[in-house]
Amino acid sequence: MFREGIDELIAELPERQRQVITLCILQDLSPAVVAKRLRIKEESVKRYIKAAANNLKKSIYESSEEVTA
């Protein structure tokens with residue numbers, strides 16, 4: 001149940017953030033490997049991870065507000 005909720009939140013991320021999170025976090029690949037695979041800079045991968053984490057936190061917070069309201 002929890003995993004399905006996380007998957008839904010990840011699916012709502014912008015495409016590049018979703019790709020990076022899937023590869024780095026869910027498939028446990030390093031930012032360097034992901035950068036090569038996506039043909040982007042490693043620093044860009046790290047920025048996408050940070051942006052995705054912020055978006056996920058925001059979505060979780062908003063979801064929890066809906067439940068408690």
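Helices, as I use the word here, are DSSP runs of H or I at least four residues long, numbered from the N terminus. With that in hand I looked up what comes after α3, and found that α3 is followed by Arg39, whose phi is positive, near 60°.

Before going on I noted that this is a predicted model, in which local features need pLDDT of at least 70 and side-chain atom pairs count only at pLDDT 80 or more, while totals for chains, interfaces and linings use all residues. Residues are numbered from 1 along each chain as its sequence is written, and side-chain values use heavy atoms, with hydrogens and water left out.

Entry on α3. I checked which of its residues are buried (under 20% relative accessible area, with exposed meaning over 50% and partly exposed in between, for a 1.4 Å probe and protein chains only), and Val34, Ala35 and Leu38 came up. Seen down the axis of α3, these buried residues fall within an arc of 100° and so line one face of the helix; the arc is that of the directions from the helix axis to the C-beta atoms.

Entry on the cores. I then looked for nonpolar cores, meaning sets of buried Ala, Val, Leu, Ile, Met, Phe, Trp, Tyr and Cys residues joined through side-chain atoms within 4.5 Å. The largest has 7 residues, namely Val20, Leu23, Cys24, Val34, Ala35, Leu38 and Val45, and α2 and α3 (31–38) each supply at least two residues of this core. Another core, of 6 residues, lies apart from it and has Leu9, Ile10, Leu13 and Ile21 among its members.

Entry on Gln17. I found this residue in helix α2 (residues 15–26), where Gln17 is buried with a relative accessible area of 10%. Leaving aside neighbours within four places in sequence, Gln17 is in contact (heavy atoms within 4.5 Å) with Tyr48, Ala51, Ala52 and Asn55.

Entry on charges. I searched the whole structure for salt bridges (a side-chain nitrogen of Lys or Arg within 4 Å of a carboxyl oxygen of Asp or Glu), and the search gave 1. The side chains of Glu42 and Lys46 meet in a salt bridge at 3.8 Å, N to O. Because they are 4 residues apart in helix α4 (residues 42–68), Glu42 and Lys46 are separated by about one helical turn. Glu42 is partly exposed at a relative accessible area of 35%, and Lys46 is partly exposed at 40%.
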